[in-house]
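Visitor: I am new to this structure. Please take me through it in short answers.

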Amino acid sequence: MLLLDDLFFIWHGASAHTRLLMLFLCVSTVTTLLYVMSRSRTVYIVDYACYRPNSKYRISKDAWIENIHHSWSYDDNSNHRFLARISERSGLGDETYLPSCHHHIPPYNCLSEARVEAELSIFTTIDDLLVKTSINLDAIAILIVNCSLFNTTPSLADMIMQRYRLRENICSVQLSGMGCSAGLIAVGLAKDLLQNAPSNAHALVVSTEILTGTYYTGRKREMQLTDMLFRMGGSAVLLSTSSSNARFELAHVIRNCTSSDDNAYQCVFYEEDDEGILGLNLSKNLVHVAGKALEDNITMVGPLILPLSVKIAFSLSFISQKVRYGTTKPCLPDFRKAFDHLCIHAGGRAVIDAVQHSLCLLDEHVEPSRMTLHKFGNTSSSSVWYELAYSEVKGRMSKGDRVWMIGFGSGYKCNSVVLNCIQPAKYADKAWRGCIYRYPIDVPKEVYNMVQ
């Protein structure tokens with residue numbers, strides 16, 4: 001009460017000018033406090049690691065087609081020619097990796113083998129990340145795991161907690177069914193959860209796709225594609241609200257989902273074929289749906305990262321297009337002025353070609369995506385981290401560089417993450433070590449309908 005009495009006395013004894021100054025200081029102080037309390041804390045990428053399987057899991061395109069050809073459901077020559085054509089056009093090389101069960105003739109599905117693959121992929125990647133960061137495990141307050149098709153009980157998140165003896169009050173989340181875009185969704189979720197976590201808390205995001213148990217043995221061509229494109233892979237990313245030892249600032253996470261459209265919802269669909277055999281159905285209009293989702297995402301990304309002059313030109317074009325009821329196409333912004341590195345989900349050569357064409361990109365912009373697809377295949381939600389590692393191993397990353405990650409996934413989703421480089425990697429990521437000198441290699445471009 002003494003303080004209030006003193007303030008009251010000072011207020012009444014002050015001149016009008018002094019009262020005005022005191023009022024201004026009070027309002028400024030309260031406004032500053034409210035801003036600091038409501039402001040989102042900046043989230044950082046401390047480091048990341050990508051999974052490189054043992055060489056015993058390596059398989060060439062011809063060997064994989066031969067395995068399929070000798071399986072019970074692939075006994076006709078037309079199917080063999082179709083798979084050979086898809087393999088040739090896929091953009092995959094001869095050093096991709098498949099789990100043990102896929103090296104048998106015919107490949108087999110086994111739950112225990114799927115667990116072994118999950119443990120191998122996840123534990124190896126986390127171990128590599130722990131070596132890079134030297135993080136105290138007790139500092140990990142949030143654990144997010146994403147895997148679309150393989151979901152066991154106990155969960156993969158529980159499996160990680162048991163292996164590394166993580167703290168009992170950890171916030172653990174597992175995402176499933178979100179396809180190849182789930183990795184960036186998990187990063188966005190980690191960012192949101194870190195806003196409410198204690199200062200200097202850390203979040204571990206693990207992205208993988210387990211192939212054991214997902215092998216399709218039927219004859220439907222739209223469902224045979226996944227056997228030709230998907231390969232072993234995984235990533236682990238450590239995030240924090242502390243900038244100490246951080247390598248990237250997480251600037252933006254932009255998500256959009258087009259599931260309200262029937263074609264978009266059904267273009268990547270896990271279902272039974274006419275013979276009752278389970279598999280992932282990739283629709284013929286997948287590339288078109290992905291293009292539409294990318295356009296929607298660009299509309300949200302553009303205002304955040306484009307230079308002012310480009311924003312004004314794009315805004316005027318967008319307004320003109322709306323006024324004319326869509327009779328004119330909006331002017332496409334030059335995104336090459338907005339970023340230094342681009343990581344497009346390596347879902348297949350057709351998708352990369354389509355994005356390059358849509359954004360008027362140069363070959364050097366999509367090189368990390370093409371080379372990742374060639375060396376590792378479609379590793380699902382972890383592919384963008386292999387691409388980031390490629391750019392770093394090549395020595396192209398510099399402090400202050402901006403990175404744009406684009407992920408596509410079932411639903412249909414297109415998600416973007418924008419990173420600002422704080423410090424490039426000092427050492428090559430394990431995934432590219434020992435083989436990066438062979439890249440880039442020439443991979444022909446061709447936009448096509450894979451199912452024809």
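Visitor: What share of the accessible surface of the protein belongs to carbon and sulfur atoms?
Guide: This is a predicted model. Its accessible surface comes to about 21,000 Å². The part that belongs to carbon and sulfur atoms is 55%.

Visitor: How many residues does the protein have, and what percentage of them count as buried?
Guide: A residue counts as buried when its relative accessible area is under 20%. The protein has 452 residues, and the share that counts as buried is 52%.

Visitor: How many helices and how many strands are there in the protein?
Guide: Both kinds of element are present. The helices number 14, and the strands number 13.

Visitor: Which residue in β5 is the bridge partner of I144?
Guide: Strand β4 covers residues 140-146 and runs parallel to β5, with five bridges joining the two. I144 has its bridge partner in β5, and that residue is V173.

Visitor: Is strand β12 largely enclosed or largely open, and how many of its residues are buried?
Guide: Strand β12 covers residues 402-409, which makes eight residues. It is largely enclosed by the rest of the structure, because the number of those residues that are buried is seven.

Visitor: Which residue in β13 stands opposite I406?
Guide: β12 is joined to β11 by four bridges, and these two run parallel. In that pair, I406 of β12 stands opposite I344. Eight bridges join β12 to β13 (residues 413-421), and here the strands run antiparallel. In β13, the residue opposite I406 is S416.

Visitor: Which residue in the hairpin of β12 and β13 takes a positive phi?
Guide: Three residues lie between the strands of this hairpin. The positive phi is near 135°, and the residue that takes it is G411.

Visitor: How far apart are the end C-alpha atoms of residues 169-189?
Guide: UniProt, in an unreviewed entry, lists residues 169-189 under "transmembrane region", along with residues 20-37. In the model, the chain over residues 169-189 is 38% helix and 24% strand. The distance between its end C-alpha atoms is 18 Å.

Notes. Residues numbered from 1 in each chain as written. Predicted model: local features only at pLDDT ≥ 70, side-chain atom pairs only at ≥ 80, totals over all residues. Heavy atoms only, no water. Pairing = 2+ DSSP bridges. Buried < 20%, exposed > 50% of the residue type's maximum accessible area, 1.4 Å probe, protein only. UniProt positions renumbered as here; feature names shortened; annotations may be inferred. Areas by Shrake-Rupley, 256 points an atom, 1.4 Å probe, with all protein chains shown as cover.
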